[in-house]
Amino acid sequence: MNYKELFKRVLLLISSPAKAWEEISLEEDKRKVFASFVYPMIGLCGLSVFLGTLIDGWGQLTVYQVAMTKCCAVFVGLFGGYFLAAYAVNKLGVGMFGLKNDIKSAQQFTGYALNILFISYIAWGLAPQFVILYGLSQFYVVYIIWEGAEIIMRVEEKRRMTYTLLTFLLITLSPLIIGIVFDKLTIILN
């Protein structure tokens, strides 16, 4: 695991999405996104939520259990949400936009497009009082998707806005929905 390259990629996606997508398009192994980006970022998100919950609830008897439950909810939501979103992005591209059926490209695109969501979860986990910043930062995802839609997914210019908005909804809502379902199931089964 090369965290230096991970943080370099994170910062490049934030500061210059077009340049980042150009670099990403040169990757020969599109599944590299799993081990080099998505899994480490999900781990960092879970760790930050765990630590943030421990710090916030320090001294309570059940703080460890609550921290583990929140960590698992974030992990399951992001992990399942990533794969659900990648599948949905691929199906959306094929069905509505006439793109070729390429799940590897959809997984690569979705993984890197989740960059701001990952950073938001890390920040939210450590400082939950800044939840409004979490919500506002999600709109930057639209710009990142906009740039990647042309470079990675090869969406036509005239259909790029529609594709961007629909993909934004899929990418941001999939982890949220799976996390909510996991939370509800945890409460019911507890």
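The structure is a predicted model, in which local features need pLDDT of at least 70 and side-chain atom pairs count only at pLDDT 80 or more, while totals for chains, interfaces and linings use all residues. Residues are numbered from 1 along each chain as its sequence is written, and side-chain values use heavy atoms, with hydrogens and water left out.

A salt bridge is a side-chain nitrogen of Lys or Arg within 4 Å of a carboxyl oxygen of Asp or Glu, and the structure holds 5 of them. One of these joins the side chains of R9 and E27, at 2.9 Å from N to O. R9 belongs to helix α1 (residues 3–15) and E27 to the loop between α2 (17–25) and α3 (32–56), so the pair ties together parts that are 18 residues apart in sequence. Helices here are DSSP runs of H or I with at least four residues, numbered from the N terminus. R9 counts as buried at 15% relative accessibility, and E27 is buried as well, with a relative accessible area of 12%. The terms follow set limits: buried means under 20% relative accessible area, exposed over 50%, and partly exposed in between, with a 1.4 Å probe and protein chains only. R9 and E27 also belong to a network of salt bridges that includes E23.

A further salt bridge is formed by K30 and D102, whose closest N and O atoms are 3.5 Å apart. This pair links distant parts of the chain, for K30 is in the loop between α2 and α3 and D102 in the loop between α4 and α5, 72 residues apart. K30 is partly exposed, with a relative accessible area of 27%, whereas D102 is buried at 16%.

The axes of helix α4 (residues 63–97) and helix α5 (residues 103–113) come within 8 Å and cross at roughly 125°. Axes are lines fitted to C-alpha atoms, for helices over the stretch in contact, and angles run from 0 to 180 degrees between N-to-C directions. The two helices are therefore oblique to each other; angles under 35 degrees count as roughly parallel, over 145 as roughly antiparallel, 65 to 115 as roughly perpendicular, and the rest as oblique. On the side of α4, the meeting residues include Y82, F83, Y87 and N90, and on the side of α5 they include I103, A106 and F109, where contact means heavy atoms within 4.5 Å.

Leaving aside residues up to four places away in sequence, N90 touches K100, N101, D102, I103 and A106.

E150 lies in helix α8 and R160 in helix α9, so the pair ties together parts that are 10 residues apart in sequence. E150 is partly exposed at 38% relative accessible area, while R160 is buried at 5%. R154 is found in the loop between α8 (140–151) and α9 (160–189). The phi of R154 is near 60°, a positive value in a residue other than glycine, and R154 is exposed, with a relative accessible area of 60%.
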